[in-house]
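Colleague: Could you walk me through this model? I'd like the definitions spelled out as we go.

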Amino acid sequence: MTFKEEQQQNQAPSHRQLRDKSLLQSDALYQYILETSVYPREHESLKELRELTEKHPWNLLAIPPDEGQFIGMLLKLMNAKNTMEIGVYTGYSLLSTALALPSDGKILAMDVNREYYELGLPVIQKAGVAHKIDFREGPALPLLDELIKDEKNKGTFDFIFVDADKDNYLNYHKRVIELVKVGGMIAYDNTLWHGSVVAPPDAPLLDYVKYYRDFVMELNKILALDSRVEICQLSVGDGITLCRRVI
Ligand SMILES: C[S@@+](CC[C@H](N)C(=O)[O-])C[C@H]1O[C@@H](n2cnc3c(N)ncnc32)[C@H](O)[C@@H]1O
């Protein structure tokens, strides 16, 4: 089936388009994964946060629960302690990270909008992990520039999750590559961008999907050629590219 035909057949909203972001080909399969792996083990507070924000108009922005579970597992395997998140929204990925870090773990979290963060904050506090979070409100680029000015910050982060404005991902990459440690990881979210990275130029895409597609494709091209990182692009959620810094 062509991309166009697939789009036309998907008039009714499915998890791929609306509530949960996933590139899996059937709603039933996605539901099966949730029911057999995520939901029985999802931390009570993640469930609470998901339920609290379900009706928020931008809830689609949050990573899906299977991706949260994946990030949590990855952080534990890496023994990550010092992390950063660019793009917090109401905090689903932030809480997934905070729960996976040790009690003295840290997350430097940035978002232009504190209101979104504060919506989920009570749940994060109730989970007893708010002390791990240092939230900074504002555009991430100047905050990163400030961090880089201080040599002491360079090469100190175990894990950096980038999930904000896609048209700035390359600008983020230029900066976070200096902040992550050799052997540490940067993870870029949405690198398959609703599957649009392989859509023909005339595909009937939503405006915001169309607008960011070229930026995402450019990022993918550059990451594939960047010898400073070893990459692994996974079709989890909307696509996540893991970049392990090697030099
Ligand atoms: C996709 S959402 C993040 C979702 C979040 N990681 C989660 O899983 O719940 C993107 C967020 O990036 C924030 N954002 C957009 N542009 C930004 C910028 N220039 N600097 C920092 N945050 C930005 C938005 O306010 C929004 O909350």
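Modeller: Let me begin with burial: a residue is buried if 20 or more other C-beta atoms lie within 10 Å of its own, exposed if 12 or fewer, and partly exposed in between, with C-beta atoms placed from the backbone. Helices (H or I, at least four residues) and strands (E, at least two) are DSSP runs, numbered from the N terminus. This is a predicted model, in which local features need pLDDT of at least 70 and side-chain atom pairs count only at pLDDT 80 or more, while totals for chains, interfaces and linings use all residues. Residues are numbered from 1 along each chain as its sequence is written.

Colleague: OK, helix 3 then, which of its residues are buried?

Modeller: In helix 3, which spans residues 44-53, the buried ones are S45, L46, L49, R50 and T53. They line one face of the helix, because they fall within an arc of 140° when seen down its axis; the arc is that of the directions from the helix axis to the C-beta atoms.

Colleague: And what do the buried residues pack against, and which exposed residues sit on the face turned away?

Modeller: The buried residues of helix 3 pack against helix 4 (65-78), helix 5 and helix 6 (114-126), where two residues are in contact if their C-beta atoms, placed from the backbone, lie within 7 Å. The face turned away from the buried side carries E44 and E51, which are exposed.

Colleague: Switching to the strands, how many residues of strand 1 are buried?

Modeller: Five of the five residues of strand 1 (residues 82-86) are buried, so this strand is largely enclosed by the rest of the structure. In a regular strand the side chains alternate between the two faces of the sheet. Here both faces are covered, with N82, M84 and I86 buried on one side and T83 and E85 buried on the other.

Colleague: Which way does strand 1 pair with strand 2, parallel or antiparallel?

Modeller: Strand 1 and strand 2 (106-111) pair in the parallel sense over five bridges, and two strands are said to pair if DSSP finds at least two bridges between them. Within that pairing T83 stands opposite I107 in strand 2. The chain crosses from strand 1 through helix 5 to strand 2, and this β-α-β crossover is right-handed, meaning that, with the strands pointing away from the viewer, the path from the first strand over the helix to the second runs clockwise.

Colleague: What about strand 1 and strand 4, how many bridges there?

Modeller: Strand 1 pairs with strand 4 (residues 157-162) in the parallel sense over four bridges, with M84 opposite I160 and with V162 as the bridge partner of I86. Six of the six residues of strand 4 are buried, so strand 4 is also largely enclosed by the rest of the structure.

Colleague: And where does the chain go from strand 4?

Modeller: Strand 4 is joined to strand 5 by five bridges, and the two run parallel, with F159 opposite M185 in strand 5. The chain crosses from strand 4 through helix 8 (residues 169-179) to strand 5 in a right-handed β-α-β crossover.

Colleague: Now the ligand: how many residues surround it, and which are closest?

Modeller: The ligand is surrounded by 21 residues, the closest being A62, G87, Y89, S93 and A164, where a residue is near a molecule or strand if its C-beta atom, placed from the backbone, lies within 6 Å of it. Helix 5 (92-100) and strand 2 each supply at least two residues of this shell.

Colleague: Is H194 buried or exposed?

Modeller: H194 counts as buried, with 20 C-beta neighbours inside 10 Å.
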